[in-house]
Every structure is written in C-alpha cells, then in structure tokens.
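Please look over the fold below. The report covers its sheet, its helices and its cores.

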Amino acid sequence: MSKKLLKYFWRTLLVAFVALNVLAAFHAWKFTHFYPDAPQHKNAQQFSFGEKLNAIVFGIKVNNSKIGAVLPITHDTIVFTTADNLTIDAWYATQNKAKGSIALFHGHLATKSAVLAEALEFYKMGYNILLVDFRGHGNSTGDYCTIGYKEAEEVKLAYDFLLEKGEKKIILWGVSMGAAAITSAFDKYELQPAGVILELPYGSLMQAVEARTKMMRLPAQPIASLLTFWGGVENGFNAFALKPATYAKKINCPVLLQAGLQDNRVGIDEIDAIYRNIISPKKIKEVYEGAGHQSLLQNEPEKWLKAVNGFLLAQ
C-alpha cells in the first residue's frame with residue numbers, strides 16, 4: 001500500500017471514529033434526558049422503518065413520564081429533597097396495625113402510577129406503602145436520569161423516611177431500573193431493610209444498552225460500549241461500573257429475585273449472576289415462563305401472590 005493510500009485510509013478511519021463518537025454522545029444524551037415537547041414514548045419494536053432510520057441518525061427524544069392513575073386509597077404526598085436540590089414526590093399510605101412498610105420503585109420512563117397494582121396488593125396484605133417517583137419522572141423534578149446510579153439516593157431517602165417514622169420492618173421493592181437503583185443503594189449506603197424484592201433487574205448497564213441496541217436490530221458492539229461511555233461522561237459517573245450483579249454482593253438481607261423467561265431486555269444469565277452474588281443465605285429466585293419485561297403480577301397473578309406472600313411471611 002502506498003503512503004498516500006495509507007494516509008487516506010487512516011484519515012478515513014479517524015473521521016469515521018469521530019463521527020461514531022459524536023453520534024453516540026448525541027444518542028446517550030437524548031436517552032438520559034427528557035423533553036417536555038417530545039411525542040409519547042414507544043418501544044423500539046413498534047417503530048416504523050422511517051422512525052428507526054430517524055432514531056439511528058438523530059436519536060430518540062423522550063418526554064417526561066406523566067402520572068396516570070392516582071393511588072385510590074387515603075394517602076399523604078411526601079416530598080424529599082436530593083443533595084442537588086431536586087424534589088422527589090412520593091405517596092404514603094398507612095393503616096392500623098400494619099405488618100411493616102414497603103417502598104416501591106418504578107422502572108425507566110414510568111412513574112409511581114405504573115406500580116399501583118403491586119402497591120395495592122401489598123396494602124391488602126397489611127403493609128404501609130410508599131410509592132416513589134424517581135428524578136425526572138412523574139411529579140419529581142429534574143430533566144435527566146442515570147438508569148439506576150444516582151437514583152440510589154432516592155432509595156436511601158425513602159428508606160430513611162420510613163426509619164424516621166419508627167418502622168422496624170422495611171421492605172424495598174423495585175422493578176427494572178427501580179430494582180437496579182435498590183442494588184446501587186446497597187453499594188453506596190449502609191441499608192439494613194428486613195427484605196428486598198427485585199423484579200427484572202439488569203446485570204449491568206452495558207448489558208441493558210446492548211439489549212436495547214439489539215432491539216433496534218443494530219450491532220451490539222461497539223455501539224453499546226460507546227453509548228455506555230458517553231452516557232456516564234455526560235451524567236457524571238462511571239457507567240461501566242453500574243453493575244447490579246456486582247452490587248448484589250453487598251445485599252445481606254433476605255431477597256426475592258423475580259424474572260421473566262421471555263424478557264428481551266434482561267437475560268436469564270443476568271438474573272443468575274445477580275442471584276449467585278447475593279451473599280444472604282435467605283434468597284429465592286422465581287422465573288415466570290410466559291413473562292417478558294412487564295408487570296409479573298399482571299402477567300401471572302397467582303404465582304406472584306404466592307411467591308411474594310410466602311417471602312413476606314418468612315421475614
């Protein structure tokens with residue numbers, strides 16, 4: 001190869017590398033930031049060809065998730081304040097002679113409205129319930145999220161609130177990003193709840209991004225690595241270190257880990273890695289064979305109620 005051709009080759013490679021990083025940075029920013037004027041969010045599988053092409057080139061704008069249904073029982077609205085002065089909105093419902101309190105944490109692009117079904121079942125079981133909107137979601141302030149990293153602070157705020165109420169039996173329940181945030185809170189803070197219920201948690205942020213990339217029918221690598229890198233840089237944390245499977249090593253209380261066998265966002269290998277790393281000897285894993293990345297309660301209510309009731313009664 002001539003020097004001129006070699007020089008052209010390296011220039012082309014450099015331009016391609018820079019262009020790919022610019023696109024990745026742009027996409028990562030849009031994925032973790034919210035736009036009030038954006039159209040209603042759709043799953044990547046619902047995109048038309050034109051929408052996919054537009055998403056590949058320009059990224060996907062997502063709007064702030066809005067509260068839908070309201071908790072249909074008497075409750076108080078609680079407001080927490082984060083270290084960076086965001087206000088975190090929560091609903092708190094109590095009852096006489098409660099067996100304990102359960103704090104619930106929703107998934108990405110959802111709100112506390114999305115976990116009403118689970119919350120009401122916990123309430124029927126005799127527990128006080130605390131439903132939390134993560135930063136940038138629902139009635140909480142902020143225009144960005146970190147897919148479970150900084151949201152650990154919201155988990156800690158809810159946990160501390162229940163402690164201050166004198167609660168002795170605190171259970172933390174989370175789904176998807178909410179479950180990841182709970183594991184992240186164990187990594188950052190000294191939590192000692194009576195138990196934890198994790199539903200559909202991803203093994204690492206990298207794996208979550210890879211799954212989303214595959215859903216767009218794009219090559220997982222190097223796209224997922226670039227998106228993970230820029231997502232962390234833009235939001236001030238090491239996104240490669242966001243690993244619920246690793247954080248699980250610090251969970252020393254009883255754990256109920258639940259997964260959907262048809263989940264195209266979280267693989268069973270990720271669930272197995274989390275399960276292996278939980279140090280508590282009191283750990284249970286339940287797999288819902290017909291469920292995807294969705295409400296396990298609504299997919300298979302009898303199994304969910306049996307698993308959750310059994311777990312709570314043992315604590």
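The notes that follow go from conventions to sheet, helices and cores.

## Basis

This is a predicted model: local features need pLDDT of at least 70, side-chain atom pairs count only at pLDDT 80 or more, and totals for chains, interfaces and linings use all residues. Residues are numbered from 1 along each chain as its sequence is written, and side-chain values use heavy atoms, with hydrogens and water left out.

Helices (H or I, at least four residues) and strands (E, at least two) are DSSP runs, numbered from the N terminus.

## The sheet

Eight strands form an open sheet with mixed pairing, in the order β1-β2-β4-β3-β5-β6-β7-β8. Strands pair if DSSP finds at least two bridges between them. β1 and β8 (283-288) each have a single partner strand and stand at the edges, so one side of each lacks a neighbour in the sheet. Neighbouring strands are turned by 20 degrees against each other on average, direction ignored.

β1 and β2 pair antiparallel over 6 bridges. V79 stands opposite D89 in β2. The two strands form a hairpin with 5 residues between them. In that turn, N85 has a positive phi of about 65 degrees. β3 and β5 run parallel, joined by 5 bridges. A103 has L172 in β5 as its bridge partner.

## Helices on the sheet

Helix α3 (residues 116-124) lies across β2, β3, β4, β5 and β6 (195-199). It runs at about 165 degrees to β4. Helix α9 (residues 268-277) packs on the sheet, touching β7 (255-260) and β8, and its direction makes about 170 degrees with that of β8. Axes are lines fitted to C-alpha atoms, for helices over the stretch in contact; angles run from 0 to 180 degrees between N-to-C directions.

## Helix α4

After α4 comes G166, with a positive phi near 85 degrees.

## Nonpolar cores

A nonpolar core is a set of buried Ala, Val, Leu, Ile, Met, Phe, Trp, Tyr and Cys residues joined through side-chain atoms within 4.5 Å. The largest has 55 residues. F80, F105, L130, V155 and L172 have the most contacts inside it. F105 touches residues including V155, L172 and I182. Another core, of 28 residues, lies apart and includes I102, L104, F122 and W304.

Definitions and conventions:
Contact = heavy atoms within 4.5 Å. Buried < 20%, exposed > 50% of the residue type's maximum accessible area, 1.4 Å probe, protein only. Lists of a residue's contacts leave out its neighbours within four places in sequence.
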